[in-house]
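Q: Could you take me through this structure feature by feature, giving the general idea in each case before turning to the particular residues?

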Amino acid sequence: MGGAASVQESRHWDRLMAMAALGAIRGADGEPGVNRACLTELDRAARRLLIGWAGEAGLTVSVDAAANLFLRHEGTDPDAAPVLTGSHMDSQPNGGRFDGIWGVLAGLEAVQAIREAGIATKRPIEVVAWTNEEGGRFAPGCMGSMSYNGCKRPEDFAAVTDAEGITFGDALRALLESEADIARRPLGGKPFAYVEAHIEQGPVLEREGLDIGVVTGIQGSRWFTVTITGETAHAGTAPLGLRRDAVQDMVRAIEALNRLMADPADILRFTVGRVEVGPNSSNTVADRAVFSIDFRHPDAGVLTERGDAIEPTIRAAVRNCDVHVLERFHALPAVFDPMVREAVSRAASGLGYGQRDIASGAFHDAQFMVPLCPTGMIFIPCRKGISHNPAEYSSPEQVAKGTRVLAATLEELAAR
Ligand code: GLV
Ligand code: MN
Ligand code: MN
Ligand code: MN
């Protein structure tokens, strides 16, 4: 457990709080949250901060064509496949100080601790900050890890626009130009193993008084964007029966989807979180309604069957508007590897921390590492299970425990 003992709780916490200052916001009750969208000036500043700390820790920095940022600790066998760890630095628009960024800083602290303990690992260890995990500015999320995985290319997302009409392609190019001083590396790779540390984003560990969740896998997710197109008309004169009202057809579609997605067992998750209507005028019948669908289930069969039924259900429900359904994201349920799970569990036991197996309802970049290498995740408790909210909180002690478990896990995996 050499490296774990060298984790510096106060340095680690101070770095987390320094990152939280970049994009600091206040929640409804004054809670200190973060709004740091990917590929913005704030993201750029966060990356610079990370690069500076990596230099202090003696790590070498490189960036790929998807702007995934890597910090490398060399192994005694530099040709051995590296152990990869990390997470993301972007946040939700109304996000917290831990979702994503903790996993990156935990990786940095764990590797720095291993080095400061004087431990030479056989395999290199790399810490990665994946681009655009949240999908809050450019949908969908996980663009960086999907590009690394090879199931997508950064070019596939180039035309995606943010709320201001800026394309992902332009934002990516600008960021990479601003990091022209950073060594470029080819996209992709085949790590020996991948392990990601993250807050639980749910209430289980806190409720059970446990320090560590050994993550067993992640449920599958499918995201869709539905566009309903009708015709504008005067709200005071157009007879109801003659209208092609996009808002009314959207309501019919969502009601039908609620019936399709009904699940008495309460395992399925179905969310319409984003709605835009046009022209968005009180006295004009809307000719355009666009809404998002986020559908999740741990069973690949259910994910396929109900997900594939979404478009026919909408078409059957609308009255007289046109319908266009675009699937933006499809992440299969992921089952994590026993070798990584056992390493995490052993690390937690060795440190005397309470642990349990736990499944992830949130998606993570780890999902896209599963086809590439043995993959796993470490969860720590967060207050009341709150996340995607400025009230998100884990204590300095909880965070440090998770980072010690990560350090011990990395050390074990990098010795194999
Ligand atoms: C990612 O943040 C998710 O929505 O699970
Ligand atoms: Mn996250
Ligand atoms: Mn998130
Ligand atoms: Mn996430």
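A: Let us begin with the annotations, for which one caution is needed: UniProt positions are given in the numbering used here, and such annotations may be inferred rather than shown by experiment. The model itself is predicted. With that in mind, UniProt, in an unreviewed entry, places a "binding site" feature at His-88, Asp-99 and His-198. These residues span 111 residues in sequence, yet no two of their C-alpha atoms are more than 9.8 Å apart, so they gather at one spot.

Q: Which residues does UniProt list for "binding site" together with Glu-134?

A: The unreviewed entry lists Asp-99, Glu-134 and His-388 for "binding site". Here too the residues cluster in space, since the largest C-alpha distance is 9.9 Å although they are spread over 290 residues of sequence.

Q: Where is Asp-99 found, and does Asp-99 count as buried or exposed?

A: The general idea is to count neighbours: a residue is buried if 20 or more other C-beta atoms lie within 10 Å of its own, exposed if 12 or fewer, and partly exposed in between. Asp-99 is found in the loop between β5 (83–88) and α4, and because it has 25 C-beta neighbours inside 10 Å, Asp-99 counts as buried. Beyond four places in sequence, Asp-99 touches Ser-91, Ile-199, Gln-201, Ser-387, His-388 and Glu-392.

Q: Which residues are around ligand 1?

A: The residues around ligand 1 are Glu-134, Gly-141, Ala-362 and Phe-363, and this shell divides into 2 nonpolar, 1 polar and 1 charged.

Q: How is the chain divided into domains?

A: Domain 1 takes in 2–219 + 333–414, while domain 2 takes in 220–331. Their contact takes 8 residues from domain 1 and 13 residues from domain 2, and the side of domain 1 that touches domain 2 divides into 5 nonpolar, 3 polar and no charged residues. The centres of the two domains, taken over C-alpha atoms, are separated by 33 Å.

Q: Which residues have the most contacts inside the largest nonpolar core?

A: In soluble globular proteins, nonpolar side chains tend to be buried together. In this model the largest nonpolar core has 108 residues, and those with the most contacts inside it are Ile-378 and Leu-410. Helix α4 (residues 101–116) contributes the largest share of this core, 10 residues. Because domain 1 and domain 2 both give residues to this core, the core lies between them. Leu-410, not counting residues up to four places away in sequence, touches Val-83, Thr-85, Ala-110, Val-111, Ile-114, Ile-125 and Val-195.

How values were computed: Residues numbered from 1 in each chain as written. Chains lettered and ligands numbered in written order. Predicted model: local features only at pLDDT ≥ 70, side-chain atom pairs only at ≥ 80, totals over all residues. Near = placed C-beta within 6 Å. Nonpolar A, V, L, I, M, F, W, Y, C, P; charged D, E, K, R; others polar. Domains from an automatic or database assignment. Contact = placed C-beta atoms within 7 Å. Core = buried A, V, L, I, M, F, W, Y, C linked by C-beta atoms within 7 Å. Helix = DSSP H or I, 4+ residues; strand = E, 2+ residues; numbered from the N terminus.
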